[in-house]
Amino acid sequence: MAMKVLITGAGGMLGHLLAEHCAARGDEVVAHERDGLDITDERAVREAFAVARPDAVINCAAWTDVDGCELDPQRAFLVNSQGVESLATASRLAGASFVTVSTDYVFDGRKVEGFYTQRDDPHPLSAYGAAKLEGERRAQV
């Protein structure tokens with residue numbers, strides 16, 4: 001069944017590939033790059049949702065400059081936490097499913113065997129990881 005999918009961060013590799021994948025499946029894709037939708041601007045997010053009326057939202061937008069996040073943790077939290085919360089809230093209000101992409105930086109890298117899963121306790125060691133973890137938590141609004 002085809003859906004209308006809104007994808008943020010579509011200028012990045014993952015967002016671009018997801019947009020292509022969804023379109024190839026027959027979904028209607030509304031792809032936003034950074035310049036097209038500032039996820040930290042709640043008004044812009046609400047307007048984008050009002051126009052798109054998506055069934056599903058996939059957030060690939062993030063500030064991924066790990067060193068930059070260390071130098072400007074306030075901006076890291078604005079984009080990677082508050083921006084995610086704005087998208088999650090708009091998704092809930094629109095009745096759309098919401099998926100946000102996280103990072104292995106929410107973990108400390110000390111696990112000896114196997115891959116990290118959602119059952120592992122996060123322990124970020126950087127501003128980037130802490131902001132992404134807070135974004136995960138805020139996505140659960």
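**Entry 1: ground rules**

I am working with a predicted model, in which local features need pLDDT of at least 70 and side-chain atom pairs count only at pLDDT 80 or more, while totals for chains, interfaces and linings use all residues. I number residues from 1 along each chain as its sequence is written, and the side-chain values use heavy atoms, with hydrogens and water left out.

**Entry 2: the sheet**

I looked up the strand order and found an open sheet of 4 strands, E2-E1-E3-E4, with parallel pairing. E2 and E4 stand at the edges with a single partner strand each, so one side of each is left without a neighbour in the sheet. The twist from one strand to the next averages 15°. For my own reference, helices (H or I, at least four residues) and strands (E, at least two) are DSSP runs numbered from the N terminus, and two strands pair if DSSP finds at least two bridges between them.

I then went through the pairings one by one. E1 and E2 run parallel and are joined by 5 bridges, and the partner of Thr8 in E2 is His32. E1 is also joined to E3, again in parallel, by 4 bridges, with Ile58 of E3 as the bridge partner of Ile7. E3 pairs with strand E4 (residues 97-100) in the parallel sense over 4 bridges, and there Asn59 has Thr100 as its bridge partner in E4.

Which way do the side chains of strand E3 point? I noted that Ala56 and Ile58 point one way from E3 (residues 56-59), that Val57 and Asn59 point the other way, and that all of them are buried, where buried means under 20% relative accessible area, exposed over 50%, and partly exposed in between (1.4 Å probe, protein chains only). In a regular strand the side chains alternate between the two faces of the sheet.

**Entry 3: helices against the sheet and each other**

Helix H1 (residues 13-24) lies across E1, E2 and E3 and runs at about 170° to E1. H4 lies across E1, E3 and E4, at about 165° to E4. Contact here means heavy atoms within 4.5 Å, and the axes are lines fitted to C-alpha atoms, for helices over the stretch in contact, with angles from 0 to 180 degrees between N-to-C directions.

I next asked at what angle H2 and H4 pack. The angle is about 35°, with the axes 10 Å apart. From H2, Glu42, Val45 and Phe49 meet Gln82, Ser86, Leu87, Ala90, Ser91 and Ala94 of H4. The residues of this contact divide into 5 nonpolar, 3 polar and 1 charged, on a scheme in which Ala, Val, Leu, Ile, Met, Phe, Trp, Tyr, Cys and Pro count as nonpolar, Asp, Glu, Lys and Arg as charged, and the others, Gly among them, as polar.

I also checked Ser81, which lies in helix H4 (residues 73-94) and is buried, with a relative accessible area of 0%. Leaving aside residues up to four places away in sequence, Ser81 touches Ala76, Ala131, Glu134, Gly135 and Arg138.

**Entry 4: salt bridges**

How many salt bridges does a search of the whole structure find? I get 6, counting a side-chain nitrogen of Lys or Arg within 4 Å of a carboxyl oxygen of Asp or Glu.

The side chains of Lys4 and Glu28 form one of them, at 3.6 Å from N to O. This pair links distant parts of the chain, with Lys4 in strand E1 (residues 4-8) and Glu28 in strand E2 (residues 28-32), 24 residues apart. Glu28 is partly exposed, at a relative accessible area of 46%.

Glu47 and Arg43 form another, their closest N and O atoms being 2.8 Å apart. Both residues lie in helix H2 (residues 42-52), 4 residues apart, which is about one turn of the helix. Glu47 counts as partly exposed at 42% relative accessibility, and Arg43 counts as partly exposed at 47%.

For Asp108 and Arg110 I recorded a salt bridge with the closest N and O atoms 3.6 Å apart; Asp108 is partly exposed at 24%, whereas Arg110 counts as exposed at 58%. Lastly, Glu85, Glu134 and Arg138 are linked in a network of salt bridges, and two of these residues, Glu134 and Arg138, are also among those that Ser81 touches.
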